[in-house]
Amino acid sequence: IYNTNWLGVDTLKVCQGQSVYLSDSNLVRLGYSFEGHVISTNGFLFNRTNPNYIEFNIDSVGYYLVDIFLTCDSHSCIRIQFKILVVPKPNVKIFGSDSFCVGTYIELATTNFLSYYWNTGERTQKISVNIPGIYTLSIVDSNNCTATIQKRVSEYPEIKGKIMSAPNSVPGKCKVYSLSEDSIAQYTYLWLTGEQSDTLVTNQE
């Protein structure tokens, strides 16, 4: 067996979920091809889409050994051996609130990666948004692997209503309350006095 480093490298690096494609175009120039020869792997599948083309499919992270034996005649053969290193797919997440109030904004951010591509056109790790919609983030990590994620952001309805007043049963005091335009909305309240009910009894004018 004649061992050769036909690829020029001993290890090919690929991202998890991607495939490795090999063409024998260089070997054909030397009078060889993949057709009719032995290919062995340690625990993963490959496809021969045509006699001169091989696709290796690996889903799990790790090192994988590939042996290709090109038989020259009945007494000798050429052995090509290399490894495929499968690195983890980036685990990308978008952090931040799902909603914001009218007239405000929220920040959307992710963890550290090599580069960032938001559908807003920004290229930073975090962005500020004040428009409802779907925000898409694509990243590239240190292994040159990519991942994309989306987050939907909504805007809370504007609070509309009036502050009303009415006489109180206690002389010298008046009742102040909030009247919302939305009869089914549920709100919490905080008056300047510290009261947290929907109605405030006061002697102030």
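Helices (H or I, at least four residues) and strands (E, at least two) are DSSP runs, numbered from the N terminus. Counted that way, the protein chain has one helix and 17 strands. Please keep in mind that this is a predicted model: local features need pLDDT of at least 70, side-chain atom pairs count only at pLDDT 80 or more, and totals for chains, interfaces and linings use all residues. Residues are numbered from 1 along each chain as its sequence is written, and side-chain values use heavy atoms, with hydrogens and water left out.

**The chain as a whole**

- Of the 205 residues of the protein chain, 29% count as buried; buried means under 20% relative accessible area, exposed over 50%, and partly exposed in between (1.4 Å probe, protein chains only).
- The protein chain exposes about 13500 Å², and carbon and sulfur atoms supply 50% of it; accessible areas come from the Shrake-Rupley method with a 1.4 Å probe, and for residues only the protein chains shown count as cover.
- Contact means heavy atoms within 4.5 Å. Among contacts between residues at least 6 apart in sequence, 44% join residues at least 24 apart.

**Cysteines**

- A disulfide is a pair of cysteine sulfur atoms within 2.5 Å, and by this rule the count comes to one disulfide.
- Cys15 and Cys145 form that disulfide, with their sulfur atoms 1.9 Å apart.
- The link of Cys15 and Cys145 is left-handed, with -100° about the S-S bond.
- Cys15 lies in strand β2 (residues 11–15) and Cys145 in the loop between β13 and β14, so the pair ties together parts that are 130 residues apart in sequence.
- Both Cys15 and Cys145 are buried.
- Cys101 is partly exposed, with a relative accessible area of 41%, and Cys174 is partly exposed too, at 23%.

**Strands and their partners**

- Two strands pair if DSSP finds at least two bridges between them.
- Four strands form an open sheet in the order β9-β14-β13-β11, with mixed pairing.
- At the edges of this sheet stand β9 (99–100) and β11, each with a single partner strand, so one side of each is left without a neighbour in the sheet.
- β11 and β13 run antiparallel and are joined by four bridges; here Tyr117 stands opposite Ser138 in β13.
- β10 and β12 also pair in the antiparallel sense, over four bridges, and Ala109 stands opposite Lys126 in β12.
- The covered face of β10 carries Ile106 and Leu108, while Glu107 and Ala109 are on the uncovered one.

**Nonpolar cores**

- In soluble globular proteins, nonpolar side chains tend to be buried together.
- A nonpolar core is a set of buried Ala, Val, Leu, Ile, Met, Phe, Trp, Tyr and Cys residues joined through side-chain atoms within 4.5 Å.
- The largest nonpolar core has 15 residues, and those with the most contacts inside it are Leu108, Trp118, Leu137 and Ile139.
- The elements that give two or more residues to this core are β10 (106–109), β11 (115–118), β12 (126–129), β13 and β14 (146–155); β13 gives the most, with three residues.
- Leaving aside neighbours within four places in sequence, Leu137 is in contact with Val92, Ile94, Thr110, Tyr116, Tyr117, Trp118, Ala147, Thr148 and Ile149.
- A second, separate core of 13 residues includes Val20, Leu22, Ile54 and Phe56.

- Thr136 sits in strand β13 (residues 133–140) and counts as buried because its relative accessibility is 16%.
- The side chains of Thr136 and Gln150 are joined by a polar contact of 3.1 Å.
- Not counting residues up to four places away in sequence, Thr136 touches Tyr117, Trp118, Asn119, Thr148, Ile149 and Gln150.
- Glu55 belongs to strand β6 (residues 53–57) and counts as buried at 16% relative accessibility.
- The side chain of Glu55 makes a polar contact with that of Ser19 (3.3 Å); Glu55 and Ser19 are 36 residues apart in sequence and 6.6 Å apart in space, C-alpha to C-alpha.

**A loop residue with positive phi**

- Most residues other than glycine have a negative phi, and most peptide bonds are trans.
- Asn144 has a phi near 70°, a positive value in a residue other than glycine.
- Asn144 is found in the loop between β13 and β14 and counts as exposed, at 57% relative accessibility.

How values were computed: Polar contact = N/O pair within 3.5 Å; in protein donor to acceptor, adjacent residues only side chain to side chain.
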